[in-house]
Amino acid sequence: MTEEPEAPPTVGKVVGENLKALRQGRRVTQDGLADKLFRTGLKWKRTQISDLESGRRETVDLGTLVVLGQALQVPLTDFFAGEGDVMLTPRSDFPESWAQASRGELRGWLSAQDVGLTTMGTANVAATLKHFVHEGRSIPIEADSAFAERYGVGLRDVVKAAEQIWDGSLTEERDRRVAALGPLSAGERQARQGHITRRLTTHLLKAMRADGLIQAEA
């Protein structure tokens, strides 16, 4: 009796495995990646990223692949690292109908000269992220967004942690302290704002590390 050949992994499984490796290599959490995707216009939650990384999604459309590459700043070829064949179509019961290609072939097809890319909607998303609706109120989160980007954590986690400390976002607390200084020249205001932001960031970082939301440096 002839043994049926084992089906090659699907596009979703291969992309998911490589996505996990790329994300972890950059020390970005799943929540942090979800925030990066949101900035680009892909409204994925952490659970959707988890489903892809664990192999529970068999397919990934080209648009999603492009956005993932842009969020992690990697070429599309990196999502097909490794060796072996890949099933290009949803799983079939008959080996004769499998559409498959090797990872090397796929990297070759995707390795055209890289070009700059700005997805439609990015500017609108960036503008929207200057304010954030949290618990029924619109709050400024410019500094919070920069913190989340720098440390690879979820924006909501940053805002929540800041509110536990200052009863407001990191940006709100920064602006309150700058306003308390009274009239300042534009240059002096900018310098004081930078100093206050760094001091508040240090405090917030310490608190989030203590709560296990950010991994402590080795």
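A crossing of two helices is left-handed if the near helix is turned anticlockwise from the far one by less than a right angle, and right-handed if clockwise. By this rule, H2 passes H3 in a right-handed crossing. Helices are DSSP runs of H or I with at least four residues, strands are DSSP runs of E with at least two, and both are numbered from the N terminus.

The structure is a predicted model, in which local features need pLDDT of at least 70, side-chain atom pairs count only at pLDDT 80 or more, and totals for chains, interfaces and linings use all residues. Residues are numbered from 1 along each chain as its sequence is written, and side-chain values use heavy atoms, with hydrogens and water left out.

The protein contains ten helices and four strands. Along the sequence, their order is α-α-α-α-β-β-α-α-β-β-α-α-α-α. Of its 218 residues, 39% count as buried. Buried means under 20% relative accessible area, exposed means over 50%, and partly exposed lies in between (1.4 Å probe, protein chains only). Contact means heavy atoms within 4.5 Å. Among contacts between residues at least 6 apart in sequence, 61% join residues at least 24 apart.

Helix H2 is mostly covered, with nine of its eleven residues buried. Among them are Gly32, Leu33, Ala34, Leu37 and Thr40. Just after H2, Gly41 has a positive phi of about 110°.

How do H2 and H3 meet? Two packed helices are described by the angle between their axes and the distance between the axes. Axes are lines fitted to C-alpha atoms, for helices over the stretch in contact, and angles run from 0 to 180 degrees between N-to-C directions. The axes of H2 and H3 come within 8 Å and cross at roughly 110°. H2 is therefore roughly perpendicular to H3. Angles of 65 to 115 degrees count as roughly perpendicular, those under 35 as roughly parallel, those over 145 as roughly antiparallel and the rest as oblique. On the H2 side, Gln30, Asp31, Leu33, Ala34 and Leu37 make the contact. H3 contributes Arg46, Ile49, Ser50 and Glu53.

Arg46 is found in helix H3. At 37% relative accessibility, Arg46 is partly exposed. Leaving out residues up to four places away in sequence, Arg46 touches Gln30, Asp31 and Ala34. Arg46 and Gly32 are 14 residues apart in sequence, and their C-alpha atoms are 8.6 Å apart in space.

A nonpolar core is a set of buried Ala, Val, Leu, Ile, Met, Phe, Trp, Tyr and Cys residues joined through side-chain atoms within 4.5 Å. The largest such core has 26 residues, of which Val15, Leu19, Leu33, Leu37, Phe79 and Phe80 touch the most other members. Helices H1 (11–25), H2 (30–40), H3 (46–53) and H4 (62–72) each supply at least two residues of this core. Apart from it lies another core, of 20 residues, among them Ile141, Val153, Ile196 and Leu205. Beyond its neighbours up to four places away in sequence, Leu37 touches Leu42, Trp44, Ile49, Val67, Leu68 and Ala71.

Thr201 is found in helix H10. Its relative accessible area is 13%, so Thr201 is buried. Neighbours within four places in sequence aside, Thr201 is in contact with Phe147, Tyr151 and Leu170.

Side chains of opposite charge can pair when their charged atoms come close. A salt bridge is a side-chain nitrogen of Lys or Arg within 4 Å of a carboxyl oxygen of Asp or Glu. How many salt bridges does the whole structure hold? The search finds ten.

One of them joins Arg56 and Asp51, at 2.8 Å from N to O. Arg56 is exposed at 55% relative accessibility, while Asp51 is partly exposed at 28%. Glu142 and Arg174 form another, at 3.9 Å from N to O. Glu142 lies in helix H7 (residues 142–151) and Arg174 in helix H9 (residues 170–179), so the pair ties together parts that are 32 residues apart in sequence. Glu142 is exposed, at 52% relative accessibility, whereas Arg174 is buried, at 7%. A network of salt bridges links Glu142, Arg174 and Asp175.

Glu188 and Arg192 also form a salt bridge, with their closest N and O atoms 3.5 Å apart. Both lie in helix H10 (residues 186–210), four residues apart, so about one helical turn separates them. Glu188 is partly exposed, with a relative accessible area of 35%. Arg192 is also partly exposed, at 35% relative accessibility.
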